[in-house]
Amino acid sequence: MRRYGKHTDEDDIRSRPNRKGNRPRTNIRPKHEDAAEGLVLTVDRGRLTCLVEDRVVMAMKARELGRKAAVVGDRVMLVGDLSGMKDTLARIVRIQERASVLRRTADDDDPYERVVVANADQLAIVTALADPEPRPRLIDRCLVAAYDGGLEPLLVLTKSDLAAPDELLELYGHLDIPYVVTSREELENGDAADRVRELLDGRITAFVGHSGVGKTTLVNALVPQERRRTTGHVNAVTGRGRHTTTSALALPLAGDGGWVIDTPGVRSFGLAHIDPSRVIHAFPDLKPGTADCPRACSHDEPDCALDAWVAAGHADPARLYSLRRLLATRERTEGD
């Protein structure tokens, strides 16, 4: 059947620039100059809950971002319906540059790196002094991840009514890490939350810890208006708590006091992604001594210049021991 008349013009002919025949393909992407900035509060099955000004907005990642994923703590740019009303959905079109990143792998042989939290100022490593027993190797691994990702570490020791903190504090004393010791009674009457809150003021703090150490209980005490389910049970045989926090969630402290990010309990903290050469940056008193180290020195070998630097009195020998203990943790399992 003839579609056109005898005197057709090129403008009369419908062109089909691609297989779908809808519109020409282009590599030019929209700039989204009217996009609004938001903070990712939590991620659940491809849906991201974001704070835009004073509104909580549900969003999804734009296709143009490809495989790049947003995580809790990310600053993102959004377009679309930003009203925050029920059944509305915005689009995340840009992820802003990250100031810090907390990453981990499932184990030391896993090549897949997982970004846990972005843009946190400090990492609160929550450890019970008993029930379950403290795991120094897991603490070491969290410290290495914090130093590598640009976060300042903070030790939070819970259940001091069951065991004294002295031995554990002595192990980390030479790292000059701030710490706070709490008991279950202090958690119940609010004293522990007040002391911890002083160390969180005005900062974004990610909380990480082994299951059953009281991490979510502490977060609930810090942000009582947003209570999360706590474990309440530790297996008597394995000494492990049951996971009750299944996704990271950012919660605001009262006033302008900062944010806490509660993360799921961990049973392992792989460091396959860590470059050991970056850990030395957390030891500014030792870093000048590496100037005479051999190329690609691991700082834990016979020719390392740090031995002579410390022997000459430039730094405390205990600090060098602490550095090497952290560097060696990648070759050890958390249960060692």
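This is a predicted model: local features need pLDDT of at least 70, side-chain atom pairs count only at pLDDT 80 or more; totals for chains, interfaces and linings use all residues.

Q: Okay, Tyr147 and Phe283: buried or exposed?

A: Both Tyr147 and Phe283 are buried.

Q: How many aromatic pairs are there?

A: The count comes to one aromatic pair. It is made by Tyr147 and Phe283, with ring centres 6.2 Å apart and planes at 65°, so the pair is edge-to-face.

Q: Which parts does the pair tie together?

A: Tyr147 is in helix H1, while Phe283 is in the loop between strand E13 (258-262) and helix H6 (306-311), so the pair links parts that are 136 residues apart in sequence.

Q: What sits over the ring of Phe269?

A: That's the charged end of Arg104, 6.0 Å from the ring centre.

Q: Switching to the core. Which residues have the most contacts inside the largest nonpolar core?

A: Leu123, Leu143 and Leu323, in a core of 52 residues. Helix H1 (residues 136-149) gives the largest share of this core, eight residues. There's also a second, separate core of 21 residues, which includes Ala128, Leu218, Leu222 and Val260.

Q: What does Leu123 touch?

A: Not counting residues up to four places away in sequence, Leu123 touches a set of residues including Leu102, Cys142, Ala146, Leu151 and Val208.

Q: And Gln122, where is that?

A: Gln122 is in strand E8 (residues 122-128). Gln122 is buried, at a relative accessible area of 3%.

Q: What does the Gln122 side chain make a polar contact with?

A: The side chain of Thr205, at 2.9 Å. A polar atom of the Gln122 side chain also lies 2.8 Å from the backbone oxygen of Leu199. Leaving aside neighbours within four places in sequence, Gln122 is in contact with residues including Glu152, Leu200, Arg203 and Ile204.

Q: Last topic, helix H4. Which residues are buried there?

A: In H4 (residues 191-198), the buried ones are Ala192, Ala193 and Val196. They cover an arc of only 95° around the axis, which puts them on the same side of H4.

Q: Why would residues a few places apart point the same way?

A: An α-helix has 3.6 residues a turn, so residues three or four places apart point the same way.

Q: And what covers the buried residues of H4?

A: The cover includes strand E10 (179-181), helix H3 (184-189), strand E11 (203-209) and helix H5 (215-222).

How values were computed: Residues are numbered from 1 along each chain as its sequence is written. Side-chain values use heavy atoms; hydrogens and water are left out. Helices (H or I, at least four residues) and strands (E, at least two) are DSSP runs, numbered from the N terminus. Buried means under 20% relative accessible area, exposed over 50%, partly exposed in between (1.4 Å probe, protein chains only). A polar contact is a pair of N or O atoms within 3.5 Å; within protein, one must be able to donate a hydrogen and the other to accept it, and residues adjacent in sequence count only if both atoms are side-chain atoms. Contact means heavy atoms within 4.5 Å. The arc is that of the directions from the helix axis to the C-beta atoms. A nonpolar core is a set of buried Ala, Val, Leu, Ile, Met, Phe, Trp, Tyr and Cys residues joined through side-chain atoms within 4.5 Å. Rings of Phe, Tyr and Trp (its six-membered ring) pair if their centres lie within 6.5 Å; planes under 30 degrees apart count as stacked, over 60 as edge-to-face and the rest as tilted. A charge sits over a ring if NZ of Lys or CZ of Arg is within 6 Å of the ring centre and within 35 degrees of the ring normal.
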